[in-house]
Amino acid sequence: MKLLDKVAIITGAGRGIGEATAKKFVQEGAKVVIADISQADVDRTVEEIKAMGGEAIGAIVDVTSLESVNKMVKETVEKYGKLDIIVNNAGITADNTLVKMSEAEFDRVINVNLKGVYNCGQEAAKVMAEQGGGVILNASSVVGVYGNFGQTNYAATKWGVIGMTKTWAKELGKKGVRVNAVAPGFILTPMTEKMPEKVLDMMKDKAPLKRLGTPEDIANAYTFLASDEASFITGAVLEVTGGVVL
Ligand code: NAP
């Protein structure tokens with residue numbers, strides 16, 4: 001098992017990529033904290049993990065609130081005595097073209113995808129530096145790397161996440177903390193269900209592997225980067241995209 005007895009927080013783990021990552025981590029021996037803003041999704045995911053024979057607790061968190069994030073990290077350490085891994089996965093979209101985008105749409109996405117990752121990274125880093133090691137994994141996107149029509153706010157956050165990842169890798173390496181990002185391509189989750197089918201078909205066609213990704217494709221990448229197999233990898237951005245370039 002790649003993550004035996006590791007303690008991991010996964011934000012946005014109530015569904016989609018976060019849920020798949022939590023389940024994969026449990027299969028690899030980790031104890032997981034299912035952290036999400038939606039109580040119903042948290043309860044369902046925790047129940048399903050327990051039914052698999054895994055160890056999990058739920059944490060209702062709003063990643064935009066430092067107080068809420070602080071409580072999540074505190075409860076994790078109180079319950080399990082340490083924090084080995086955090087996957088800063090919670091993220092949202094609010095798409096519009098540049099000239100039509102409202103200030104509220106811009107601010108909402110910045111708050112969750114950028115400030116949320118900052119809040120979680122900061123609180124986790126304090127614990128990890130103190131305990132002498134850990135792994136921080138951040139959710140970027142192919143959209144952050146290449147840009148995408150109608151996603152000014154989202155692309156800015158996902159490129160910003162890469163900047164934070166590389167900065168934290170420099171700051172925290174000497175404390176034994178590795179920091180990496182995963183940049184998924186187009187993955188079939190509730191987030192992409194909102195996209196027009198013709199756009200998804202176009203993305204499938206653009207990808208050399210001629211398919212959209214599954215949440216498990218991304219969960220596998222997070223598992224590798226969280227594990228000791230990636231012990232010499234920090235400050236990296238792993239594109240898991242089927243080869244798509246926008
Ligand atoms: P998803 O299915 O929409 O799941 C995201 C989860 O995050 C939801 O359960 C959502 O809860 C939760 N969340 C939203 N705001 C939150 C907040 N303030 N605090 C805590 N939790 C919050 O998304 P996904 O497709 O799995 O994507 C996961 C991550 O991968 C995101 O960062 C996304 O940007 C990134 N990504 C996804 C794709 C893709 O194609 N799917 C591609 C590249 C990158 P509620 O909905 O109940 O609010």
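Reader: Why is D5 called partly exposed?

Author: This is a predicted model, and the values are computed from it. D5 has a relative accessible area of 42%. Buried means under 20% and exposed means over 50%, with partly exposed in between. The 42% of D5 lies in between, so D5 is called partly exposed. D5 sits in the segment before β1 (7–11).

Reader: What makes the phi of D5 worth a remark?

Author: Most residues other than glycine have a negative phi. D5 is not a glycine, yet its phi is positive, at about 65 degrees. K210 is another such case: this residue, other than glycine, has a phi near 55 degrees.

Reader: Where is K210, and is it buried, partly exposed or exposed?

Author: K210 lies in the loop between α8 (197–206) and α9.

Reader: Why does E229 count as exposed?

Author: The cut-off for exposed is over 50%. E229 has 53% relative accessibility, and therefore it counts as exposed. E229 belongs to the loop between α9 (215–226) and β7 (237–240).

Reader: Which residues does E229 contact, leaving aside its neighbours within four places in sequence?

Author: The partners are K2 and F224. Contact means heavy atoms within 4.5 Å. In sequence, K2 and E229 are 227 residues apart, while their C-alpha atoms are 8.1 Å apart in space.

Reader: How do you know how α3 and α4 are placed relative to each other?

Author: Two packed helices are described by the angle between their axes and the distance between the axes. For helix α3 (residues 66–80) and helix α4 (residues 103–131), the axes come within 9 Å and cross at roughly 35 degrees. On the α3 side, the contact is made by L66, V69, N70, M72, V73 and V77. On the α4 side, the residues are N119, C120, Q122, E123, A124 and V127. By class, this contact has 8 nonpolar, 3 polar and 1 charged residues. The crossing of α3 past α4 is right-handed.

Reader: How do you know that the size of the protein agrees with a compact globule?

Author: For 246 residues, a compact globule would have a radius of gyration near 18 Å; the protein has 17 Å, so the two agree. The C-alpha atoms fill a box of roughly 50 × 35 × 35 Å along the principal axes.

Reader: How many of the residues count as buried, as a percentage?

Author: Of the 246 residues, 51% count as buried, and the cut-off for that word is under 20% relative accessible area. The accessible surface of the protein comes to about 11300 Å², and carbon and sulfur atoms hold 55% of that surface.

Reader: What does the protein contain in helices and strands?

Author: There are 9 helices and 7 strands. Among contacts with a separation of 6 or more, 74% come from residues 24 or more positions apart.

Definitions and conventions: Residues are numbered from 1 along each chain as its sequence is written. This is a predicted model: local features need pLDDT of at least 70, side-chain atom pairs count only at pLDDT 80 or more; totals for chains, interfaces and linings use all residues. Side-chain values use heavy atoms; hydrogens and water are left out. Axes are lines fitted to C-alpha atoms, for helices over the stretch in contact, and angles run from 0 to 180 degrees between N-to-C directions. Helices (H or I, at least four residues) and strands (E, at least two) are DSSP runs, numbered from the N terminus. A crossing is left-handed if the near helix is turned anticlockwise from the far one by less than a right angle, and right-handed if clockwise. Ala, Val, Leu, Ile, Met, Phe, Trp, Tyr, Cys and Pro count as nonpolar, Asp, Glu, Lys and Arg as charged, and the others, Gly among them, as polar. The radius of gyration is taken over C-alpha atoms; the globule rule is 2.2 Å times the number of residues to the power 0.38. Buried means under 20% relative accessible area, exposed over 50%, partly exposed in between (1.4 Å probe, protein chains only). Accessible areas come from the Shrake-Rupley method with a 1.4 Å probe; for residues, only the protein chains shown count as cover.
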